[in-house]
Amino acid sequence: MRTQVGIVGAGPAGLLLSHLLALRGIESVLIEIRSREYCEARQRAGVLEDGSVRLLRAAGLADRLNRQGIEHGGIYLQFAGERHHIDFRELTGGRTVTVYAQTEVVKDIIARRLADAGPEAIKFEVTGTEVADLDTQQPKLRYTSKDGTRHEVTCDAIAGCDGFHGISRPAIPPAVQAVTERDYPYAWLGILADVPPSTDELIYAHHPRGFALHSLRGPTISRLYLQVGSDEDIRDWPDQRIWDELSERFALPGWELKQGPVLDKSITPMRSFVSSPMRYGRLFLAGDAAHIVPPTGAKGLNLALADVAYLAPALADLARGQPELADQYSGTCLSRVWRSTHFSWWMTTMLHRTPGADDMERQLQLSQLRYVVSSQAAATSLAENYTGYPPLPATILTL
Ligand code: FAD
Ligand code: DHB
């Protein structure tokens, strides 16, 4: 079999890439180890930057996003018993973010690919994925389909969109790959709850007992996160313990956290990780396959979408014998990746309690938080990073 681009992984990066390539007349084969149901149900991120929304609109993928996405013009920062609003619209000349779950982005693109290209557009539940001959002009993608048949696809290029635990990044020889990483000594316990949000915009709370975040998924569904120890066992967290802890960390006189049935709960480790370059020969990494940020700041999904916004035109040009954009891909993306890596680290270390930290750390965090809510310059820096920096250029958003 032959195709122009072989894509490993049907997360947000791989799905959007296959659609953007199709819009440019480029054929691809997209393979995924999980089932469609699993991909559509995996609870993860929920905040789209301004540029991600524009990108999904430009790609014709925003019918439901336009109807169901909830535009937010700011966030609340809570610390020392006070809640402060950071007004993105005012600080950035009108830029906003949109609350729309990753599960919904994934459902929308899967439905569109299957409608446009038929049931074979995405090969779910494959096994034995391999990439080979990456340093040649004809790299190979191998996999076994659900019916047990082994396939070898000869490609012009392969996109490794298979997340942090995928096989693409490990296929790059270590000698030509630089990895920069940091693990944080805490994790997030996230819940999805069948209860209307107790807030109109997201609350990021600094508290002596640890960080908490109140997000949402719609008028009747809340999404909340709690800083817990990195070796915490979810079985030690019955629902009422989670609600009690959240209530304490968000507590303010005259305000109450509404509680309801917990629909989903999980613990996520926190790490910063960047593998560079994001290219080896004809293998191009995108999204979590190349980089991970801690979730404070909501950058992971947005970085994955931005990567493929640059990768699609680069691969389309490469297929026509023009390598310039492909040669620029890694450098262009890594610049944004490092900006988001810094912002996520900054938000994380400003808001979380480091186990065993002294009072110096707490006082420095509080001083930084007071600065952010009192200085227009500091608040603008948070706002422009949160809404997406640098803004995606018009050339990337014109399809
Ligand atoms: P993924 O979504 O990981 O997709 C990769 C796909 O590749 C998966 O479908 C996987 O099954 C498939 N795959 C893997 N190996 C193979 C193989 N060998 N062959 C074929 N397919 C393969 N970000 C935030 O901003 N906020 C959050 O709250 C948040 N929470 C998160 C919680 C968890 C548990 C995780 C893991 C991530 C979270 N993130 C969050 C990060 C965000 O969800 C990711 O940045 C985003 O999913 C990246 O998209 P992606 O397409 O690059 O990778
Ligand atoms: C969500 C996740 C984040 O990491 C974040 O910073 C804000 C919101 C969410 O899942 O809604």
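User: What makes the pair formed by Arg 42 and an oxygen atom of ligand 1 a polar contact?

Analyst: In this predicted model, a polar side-chain atom of Arg 42 lies 2.7 Å from an oxygen atom of ligand 1. The cut-off for a pair of N or O atoms is 3.5 Å, and 2.7 Å falls within 3.5 Å, so the pair is called a polar contact.

User: Which atoms of Ile 33 and Thr 129 lie by a nitrogen atom of ligand 1, and at what distances?

Analyst: For Thr 129, a polar side-chain atom is 2.8 Å from a nitrogen atom of ligand 1. For Ile 33, the atom is a backbone N or O, and the distance to a nitrogen atom of the ligand is 3.3 Å. Both values are within 3.5 Å, and therefore both pairs are polar contacts.

User: How much of ligand 1 does the protein bury?

Analyst: Ligand 1 taken alone exposes 990 Å², and the protein buries 86% of that area.

User: Which residues and elements make up the shell around ligand 1?

Analyst: The ligand is surrounded by 30 residues, of which Glu 32, Arg 42, Arg 44, Gln 102 and Asp 288 are the closest. Helix 1 (12-23) and helix 8 (300-319) are the elements that give two or more residues to this shell. Helix 8 supplies the largest share, 3 residues. Sorted by class, the shell holds 14 nonpolar, 9 polar and 7 charged residues.

User: What makes Tyr 204 and Ser 215 polar contacts of ligand 2?

Analyst: A polar side-chain atom of Tyr 204 is 2.6 Å from an oxygen atom of ligand 2. For Ser 215 the corresponding value is also 2.6 Å, again from a polar side-chain atom to an oxygen atom of the ligand. Each value is within 3.5 Å, so each pair qualifies. Gly 297 takes part through a polar backbone atom, 3.3 Å from an oxygen atom of ligand 2; this value too is within 3.5 Å, and the pair therefore qualifies.

User: How much of ligand 2 is buried, and which elements contribute to the shell around it?

Analyst: The protein buries 97% of the 290 Å² that ligand 2 exposes when taken alone. Strand 15 (212-218) and strand 16 (221-228) are the elements that give two or more residues to the shell, and strand 15 provides the largest share, 3 residues. The shell comprises 15 residues, and Tyr 204, Ser 215, Arg 217, Tyr 225 and Pro 295 come nearest. By class, 9 are nonpolar, 3 polar and 3 charged.

User: Why are Cys 39 and Cys 161 called buried, whereas Arg 67 is called exposed?

Analyst: Buried means under 20% relative accessible area, and exposed means over 50%. Cys 39 has 3% and Cys 161 has 6%; both values are under 20%, so both residues are buried. Arg 67, found in helix 4 (residues 63-68), has 61% relative accessibility. That value is over 50%, and Arg 67 is therefore exposed.

Key. Residues are numbered from 1 along each chain as its sequence is written. Chains are lettered from A and ligands numbered from 1 in the order in which they are written. This is a predicted model: local features need pLDDT of at least 70, side-chain atom pairs count only at pLDDT 80 or more; totals for chains, interfaces and linings use all residues. Side-chain values use heavy atoms; hydrogens and water are left out. Buried means under 20% relative accessible area, exposed over 50%, partly exposed in between (1.4 Å probe, protein chains only). A residue is near a molecule or strand if one of its heavy atoms lies within 4 Å of it. A polar contact is a pair of N or O atoms within 3.5 Å; within protein, one must be able to donate a hydrogen and the other to accept it, and residues adjacent in sequence count only if both atoms are side-chain atoms. Accessible areas come from the Shrake-Rupley method with a 1.4 Å probe; for residues, only the protein chains shown count as cover. Helices (H or I, at least four residues) and strands (E, at least two) are DSSP runs, numbered from the N terminus. Ala, Val, Leu, Ile, Met, Phe, Trp, Tyr, Cys and Pro count as nonpolar, Asp, Glu, Lys and Arg as charged, and the others, Gly among them, as polar.
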